[in-house]
Amino acid sequence: MRQIVLDTETTGINPKLGNRVIEIGCVELVNRKLTGNNFHRYINPDRDSEEGALAVHGLTTEFLSDKPRFREIAEELREYIRGAEVIIHNAPFDLGFLNHEFRMLNLPAFDEHIGGVIDTLVQAKELRPGKRNSLDALCDHYGISNAHRKLHGALLDAELLADVYLAMTRGQNSLGMDIEVEEVATGLHLEQVALAEILVVRASAEEVVAHEDLLNGLDKAVKGTSVWRTAA
């Protein structure tokens, strides 16, 4: 399974207003392992970055002036990502820009070249509803160091996102039960797996009384019925 963790930096937030991609960073995973076969390019957008975007990535017009245009790296990028499942944090943003760049070159849209998209922002919201799910917040949550990250950079952010994705999905490959399969003349036979005995330990009379006293105290504290009685 080949996956590409991808991030971009841009001159602004809306490609329909003439904003362009100025950096692409990609990190390759094969069977959930980092391969080191990464893709990283700076791109000359032939325009200045908006003030807000420049404050985020720090890529000046002067720095980008001698870099290749998107048309010069498009074919290399197409070959690199072809058929892979692409992992992006807030996928609509990056896909919107990349599709726009491809269409400007009269090429099929970027998402027509790949084998699917995983949006880690959507995944994180499902796993952590109501929490902050920025890349920085997820690095903090999963114990991934981003102390060296002063400004946003496409390759650096893709590397961090690869670590976050692997941490966030670590249990996905071990959810099934190991069942021995034996071939017989009439087909496949699944050997029965014994279930562990379920032990039920009930509260003693003293524990029930103590629990009731605790609930009474909570009711008194809230001057009504505590949430624990409502839940029960």
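A: Let's start just after helix 6, where G143 takes a positive phi of about 70°. Before going on, please note that this is a predicted model, in which local features need pLDDT of at least 70, side-chain atom pairs count only at pLDDT 80 or more, and totals for chains, interfaces and linings use all residues. Residues are numbered from 1 along each chain as its sequence is written, and side-chain values use heavy atoms, with hydrogens and water left out.

Q: What makes a run of residues a helix or a strand here?
A: Both are DSSP runs, numbered from the N terminus: helices are H or I with at least four residues, strands are E with at least two. Helix 6, for example, spans residues 135–142.

Q: Which residues of helix 6 are buried, and what covers them?
A: The buried ones are L135, A137, L138 and C139. Buried means under 20% relative accessible area, exposed over 50%, and partly exposed in between (1.4 Å probe, protein chains only). Their cover includes helix 5 (120–127) and helix 7 (154–168).

Q: Why is helix 5 called oblique to helix 7?
A: The two helices pack at an angle of about 40°, with their axes 11 Å apart. Axes are lines fitted to C-alpha atoms, for helices over the stretch in contact, and angles run from 0 to 180 degrees between N-to-C directions. Angles under 35 degrees count as roughly parallel, over 145 as roughly antiparallel, 65 to 115 as roughly perpendicular and the rest as oblique. The angle therefore makes helix 5 oblique to helix 7.

Q: Which residues make that contact, and what are their classes?
A: T120, Q123, A124 and L127 of helix 5 meet L161, Y165 and M168 of helix 7, where contact means heavy atoms within 4.5 Å. By class, there are five nonpolar, two polar and no charged residues. Ala, Val, Leu, Ile, Met, Phe, Trp, Tyr, Cys and Pro count as nonpolar, Asp, Glu, Lys and Arg as charged, and the others, Gly among them, as polar.

Q: What makes Y42 and F63 an edge-to-face pair?
A: Rings of Phe, Tyr and Trp (its six-membered ring) pair if their centres lie within 6.5 Å; planes under 30 degrees apart count as stacked, over 60 as edge-to-face and the rest as tilted. By this rule there are five aromatic pairs. Y42 and F63 qualify as edge-to-face, at 5.0 Å centre to centre and 90° between the planes. Y42 sits in strand 4 (residues 39–42) and F63 in helix 2 (residues 61–64), 21 residues apart.

Q: Why does Y42 count as partly exposed?
A: Its relative accessibility is 25%, so Y42 counts as partly exposed. F63 falls in that class with 35%.

Q: What makes F70 and F102 edge-to-face?
A: Their planes are 65° apart, with 5.9 Å from centre to centre. F70 lies in helix 3 (residues 70–81) and F102 in helix 4 (residues 91–104), so the pair ties together parts 32 residues apart in sequence. Both F70 and F102 are buried, and ring pairs link F70, F102 and F110 into a cluster.

Q: Why is R32 called buried?
A: R32 has 18% relative accessibility, so it counts as buried. R32 belongs to the loop between strand 2 (21–30) and strand 3 (33–34). Its phi is near 65°, a positive value in a residue other than glycine.
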